[in-house]
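Hi everyone, thanks for coming. Let's look at this one together, starting with confidence and then moving on to the side chains.

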Amino acid sequence: MEREVGLDGLEDLALHIILSKLGPADTVRVSCVSKRLRLSASEDSLWTQFCFQDLHLSTPQDHQGNPAPSFKVAYQLWREAFAMYPWPLVKRVKRCWDKLKKWLSNNFPEAKATLRRGASESDIQQLQTFLKVNLPLPSRLLYRFHDGQELTDKEHSATLLGSSLGIIGGYSFSHHLVNVYLLPISQVIVETIRVIHHVGFSSRSKYIVVAASSTYSEKFFFLNCTNGQLCVCTRNLPTDREMIQCVPNALIRSVHDLHGDCQQDAMLLWLEEHGHRLENGIIKVREERNVRSISLFPEVPPLCSTAVTNGVQVRASAVFVPEFADLQDEAEKYMFAYSIRMSLLPEGCIINGMTFSSCQLNWRHWIIRANEDIATYVNGEAVMGKVMTYQFLLFQFFIWILCRNLVFNCKEWKLIH
């Protein structure tokens, strides 16, 4: 007859494996059973695993980045700091920020440096009291990890047109330049009061400004603190308080439920999608006139159309420009700008078997479609001729398109050497 063996009778390795499968909460409960189990449940190697699984921590530190004496202490400090929030939501918000910060570290470190330390609960309470709102839980947590961006005077003067370091990014065409950054709580209060007074929102309005363009071209994102929806302004905001929802309402859930485990508001979903696009190269940092910024013009198919002729690569993509949209005018309901970008590939321009290190635009021909209709047809001589090398962008054309959807068809590019 086999003898039953309790947890106390197991070898250290077997006990370690069992506790690691139980997870942090049950491990703490098991530690109350006996001295042996308490010692096993206190091993830092076990809590190293828990910290990595839940928080992706490789070193013991608290939520502000301060070092902790052990992984067990670090895990405890994290749980205490966010005790009022559902733990699954805390882990999700941390993953969202981790993804954004990893990409910024690798591709745009000067923008990552503008992220502020997390806001305190008292900071959030001050915002709620001052603006008479109750922030959705996911947005509260987003601010607890990072209180927006700090754009100093030096960063604002990076160009005469404002800062280029907004982590949401933007676009430029003609005389319109947008670069969106996340507002810190102090500016959320100031901008919300200013915009609401200017636009004429009701004093009972639960909208707050959470992101805005740092440039002279205005673009605002409003968080509805009642239902968790995020909206972006149209050109009719000053007259009709017109806005466009950023996320389908069906995706927003339990934004004020402290006891659920599936809370998500539009701001969290919006930042997660933004991180996904950055991580997958759909949008990238672009340098123009020695100024780097995140460009919202897509760079990969199917959102970007690419063609190569004689060693010259042509890319075309569009971006929605909500601040110029007019939902009351069917002809101008949705406004897009498109970008045509040309560059010489590293192997050079190849014509009749001969390779050239530079070339000049002579003829341009492209078709822009809105659904099945041709919205713009260009077929003629180049507007300008500038010599390009593969290191640099040759031209960037920006033309207004009034339509719902854009499909690009780059036909032919005639070049002279």
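The chain has a mean pLDDT of 85, and 86% of its residues reach 70 or more; pLDDT is the predictor's confidence in each residue, from 0 to 100. Residues 155–160 fall below 50, and so do residues 385–417, where pLDDT stays under 50.

Some housekeeping: this is a predicted model, with local features needing pLDDT of at least 70 and side-chain atom pairs 80 or more, while totals for chains, interfaces and linings use all residues. Residues are numbered from 1 along each chain as its sequence is written, and side-chain values use heavy atoms, leaving out hydrogens and water.

Now, salt bridges: a side-chain nitrogen of Lys or Arg within 4 Å of a carboxyl oxygen of Asp or Glu. By that rule there are 17.

Take Lys 99 and Glu 279, which meet at 3.5 Å, N to O. Lys 99 lies in helix α6 and Glu 279 in helix α13, so this pair ties together parts 180 residues apart in sequence. Helices here are DSSP runs (H or I, at least four residues), as are strands (E, at least two), numbered from the N terminus.

My next pair is Glu 299 and Arg 286, bridged at 2.9 Å, N to O. Are these side chains buried or exposed? Glu 299 is buried at 13% relative accessible area, and Arg 286 is buried at 14%. Buried means under 20%, exposed over 50%, partly exposed in between, using a 1.4 Å probe and protein chains only. Salt bridges with shared partners join Arg 286, Glu 299, Arg 315 and Arg 341 into one network.

Key: Contact = heavy atoms within 4.5 Å.
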